Amino acid sequence: MEIREYKTYNEQEILRLYASVGWTAYTVHPEVLRKGFENSMLTLAAYKGDQLLGIIRTVGDGATIVFVQDILVFPEHQRKGVGSALLQAILDRYCHVRQIELTTENTQKTIAFYKSMGFKEMSETGCCGFMKV
């Protein structure tokens, strides 16, 4: 597996990736998703040869805050270290940044994954998060 910057947006493969994990709110408006990718700070992809396994997309300023907007791995490649490798690549790249944040589903699986990568729930740090949807 190789982690490298995702530079050339391939709408077909990205829509297939998002649909494969059930993130259809993104696939309904592909032009908005494309704009999100264009405006991202950094997007990394995991590949096996030329085959896309998953991506991680970040937004922020890269100095004081990095927000992991998306991390997706094709279901057939989940639980094989792809997501961990993608997230670790971001943590390594932005090790100097004080706040690396993300929002995720409230499931035991996702909570366990992010805690295993060194993340804490905001409430554990004396903070709380808010979201307007």
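I started with the rings and found eight aromatic pairs in the structure. My cut-off: rings of Phe, Tyr and Trp (its six-membered ring) pair if their centres lie within 6.5 Å, with planes under 30 degrees apart called stacked, over 60 edge-to-face and the rest tilted. I looked at F113 and Y114: their ring centres are 4.9 Å apart and the planes stand at 70°, so I logged the pair as edge-to-face.

Housekeeping before going on. This is a predicted model, so I note that local features need pLDDT of at least 70 and side-chain atom pairs count only at pLDDT 80 or more, while totals for chains, interfaces and linings use all residues. Numbering runs from 1 along each chain as its sequence is written, and side-chain values use heavy atoms, with hydrogens and water left out.

Next, the aromatic cluster. I listed Y6, Y9, Y18, W23, Y26 and F37 as one cluster. I then checked for charges over rings, meaning NZ of Lys or CZ of Arg within 6 Å of the ring centre and within 35 degrees of the ring normal. R57 has its charged end over the ring of F37, 5.2 Å from the centre. R4 does likewise over the ring of Y47, at 3.8 Å from the centre.

W23 got its own look. I found it in the loop between α1 and α2 (24-27), partly exposed with 26% relative accessible area. Helices here are DSSP runs of H or I, at least four residues, and strands are runs of E, at least two, numbered from the N terminus. Beyond four places in sequence, W23 is in contact with Y18, D70, I71 and L72; contact means heavy atoms within 4.5 Å. From W23 to E11, twelve residues along the chain, the C-alpha separation is 15 Å.

E11 took me to the helices. How do α1 and α3 pack? Helix α1 (residues 11-20) and helix α3 (residues 30-38) cross at about 105°, axes 11 Å apart. That makes α1 roughly perpendicular to α3, the label for 65 to 115 degrees; under 35 is roughly parallel, over 145 roughly antiparallel and the rest oblique. Axes are lines fitted to C-alpha atoms, for helices over the stretch in contact, and angles run from 0 to 180 degrees between N-to-C directions. On the α1 side I noted E11, I14, L15 and Y18, and on the α3 side P30, L33, R34 and F37.

Then two strand residues. T43 sits in β2 (residues 42-48) and is buried at 5%. I56 sits in β3 (residues 51-60) and is buried at 0%. Leaving out residues up to four places away, T43 touches E5, Y6, F37, I55, I56 and R57. On the same terms, the I56 contacts include T43, V68, D70 and I71. I also logged I56 to T27: 29 residues apart in sequence, 17 Å C-alpha to C-alpha.

Last entry, backbone. Most residues other than glycine have a negative phi. R79 has a positive one, near 65°. I placed R79 in the loop between β4 (65-73) and α4 (82-93), where it is exposed at 77%.

Methods. Buried means under 20% relative accessible area, exposed over 50%, partly exposed in between (1.4 Å probe, protein chains only).
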